[in-house]
Amino acid sequence: MRFRKLSLEQKNRYYGIYFILPWLIGFLFLFLVPLIASFRYSLSNLQVTNEGFTLNHIGWSNYREALLSHESYLRTLTGSLLNIGVNTPLIVIFSLFFAVLLNQKFRGRILARAIFFLPVILASGIIASIESGDLMQSVVSNASETTGGGLAIMDNLELTVMLVESGMSVTFVEYLTGAVSRIYEIISQSGVQILIFLAGLQSISPSLYEAAKIEGSTGYEAFWKITFPMISPLILTNLVYTIIDSFIRDETSRMIVDTAFQSFDFGLSAAMAWMYFAVIAIVLWVTTAIVSRKVFYQD
Amino acid sequence: MKLTLRLGKRLNRSWQVDAMLMLLLGVFGAFMAIPLIYVINNAFKPLDELFIFPPKLFVRNPTFENFGDLLQVMKGSWVPFSRYIFNTFFITAAGTAGHILLASAAAYPLAKHKFRGHKVLFTIIVLSLMFSPHVTAIPNYMIMSSIGWIDSYKALIIPAFAFPLGLYLMKQFMEQIPDALLEAAKIDGASEYRIFWQIVMPLVKPAWLTLLILMMQMLWGADGGSFIYSEQLKTMHFAMGQIIQGGIARAGAGAAVAVVVMIVPIVTFLLSQSSVIQTMASSGMKD
């Protein structure tokens, strides 16, 4: 294909669309359409009948119900927000710190990296059993009790549970579990972030460090003057990822899922999800607006 | 100046600080490794040890009984067990490869071409990242059903192509490639395809290897429950889940399952991370 008569800008545009098209088609059909459908559900009363389901348009009353008369939606939502506010900066700082450590040369560092990625691998067992798979079955078979089992042994992996079970004194454990569960929560949620930072650290050109070394810079200076600015776009990426990730796996999300698949109130669940979505969007927008001003792009 | 130099030296070179950092790494590493050690030890525990309360971390009388039990259960399955394994491998490989390919291809113009509307498109992508997959579960099923993809591999593989996460990651990484590099290639007469394959993709190798780990990990754990009904098409994860649900009688086999299911993601991780290191030198650019 040739674009002889086109300006550079037009050429760019056509090539851009050309490259993006396969993904876009998939995205539109498999993601955007369900999204819009879910918005429609949130404005309706969805009733399952013999021949599928019927939608009755009832306006905003699902939203009103979630906000004004649901017993715990608002409380859970604010709880989630607070939790994310505390955890997100900690996770990002923690994962950057460990990514830098794990990027150094030492024996067995691949093994060390694998260990820090473990929580992600271990978690997939539980998540897989919670996620889409079992949900639809529970609708079809009208929630037979057995499906909840999943990979039950994985649940016992929670370190706090193990500590309590191994018979330490109760007051000590209570104090410890409070602190430990947060630390553990933070570490176990930073597997992907560490990996992203590592990839970022590896794309920094070694010649920059070489030059800095020749000029007599110290490791400390090299970190703040080279590593930090070069990795700053990924700090933004990881902030966004962490916020989204913690939103998806927290209490409110669980409540949304339970509303849909245990009390079968799909309309209310969709309404909850959309409000939740709006809140995340605002949080993300504010975060990105603040952080992206500090981000450095090499040009 | 001298002060910072000394400070820097202390932070950089002294072995005490190095040792401290390594210790920190070791402590946290041990912290993270405990669940893994627990799972592996569980797999080798004889039945009576599995039910000790409080649970013991290490096994006393290691045995391969559990793996034997697992094999026995696998042999007795209705569909040959190798079929489940093939299903999982096929879905994982096809989904991961397709996702990386499409996501990188789409990320390239978003990061480097700045055509009109790219900002709107990117905003939509970030917004869609935020939406919990549970919410779209029902509409997703309706679409699959209306295009007749229910009960086929497609229902699991094709949606994996369109996940926004990979696109987002790739775009962020590609943005860091200096424009000068691409311009130089263009001036030398390289086509867009060639720039994409020979310059952009090698430069972001750490990024797509990361994506490979993430996607592979996700698809490996897929059980396909809502989309797949025929026994021949079900995944290994699903079959393993069935084994575990055998309850107390299958506790031993269940413990073995946990180890078997974990092996492949861990091996992929180790392999891809070790090849990241090899690319390090070549991904350095001379500006």
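A polar contact here is a pair of N or O atoms within 3.5 Å; within protein, one must be able to donate a hydrogen and the other to accept it, and residues adjacent in sequence count only if both atoms are side-chain atoms. With that in hand, take Ser272(B): a polar atom of its side chain lies 3.3 Å from the backbone oxygen of Phe269(B).

Some conventions. This is a predicted model, where local features need pLDDT of at least 70 and side-chain atom pairs count only at pLDDT 80 or more, while totals for chains, interfaces and linings use all residues. Residues are numbered from 1 along each chain as its sequence is written, chains are lettered from A and ligands numbered from 1 in the order in which they are written, and side-chain values use heavy atoms, leaving out hydrogens and water.

Back to Ser272(B), which sits in helix α14 of chain B, residues 251-282; helices are DSSP runs of H or I, at least four residues, numbered from the N terminus. Its relative accessible area is 4%, so Ser272(B) is buried (under 20%; exposed is over 50%, partly exposed in between, with a 1.4 Å probe and protein chains only). Leaving aside residues up to four places away in sequence, Ser272(B) touches Leu209(B), Leu212(B) and Ile213(B), contact meaning heavy atoms within 4.5 Å.

Next, a loop residue. Asp151(B) lies between α7 (137-146) and α8 (154-161) of chain B. Its phi is near 65°, a positive value in a residue other than glycine. Asp151(B) has 28% relative accessibility and counts as partly exposed.

Terms used: Helix = DSSP H or I, 4+ residues; strand = E, 2+ residues; numbered from the N terminus.
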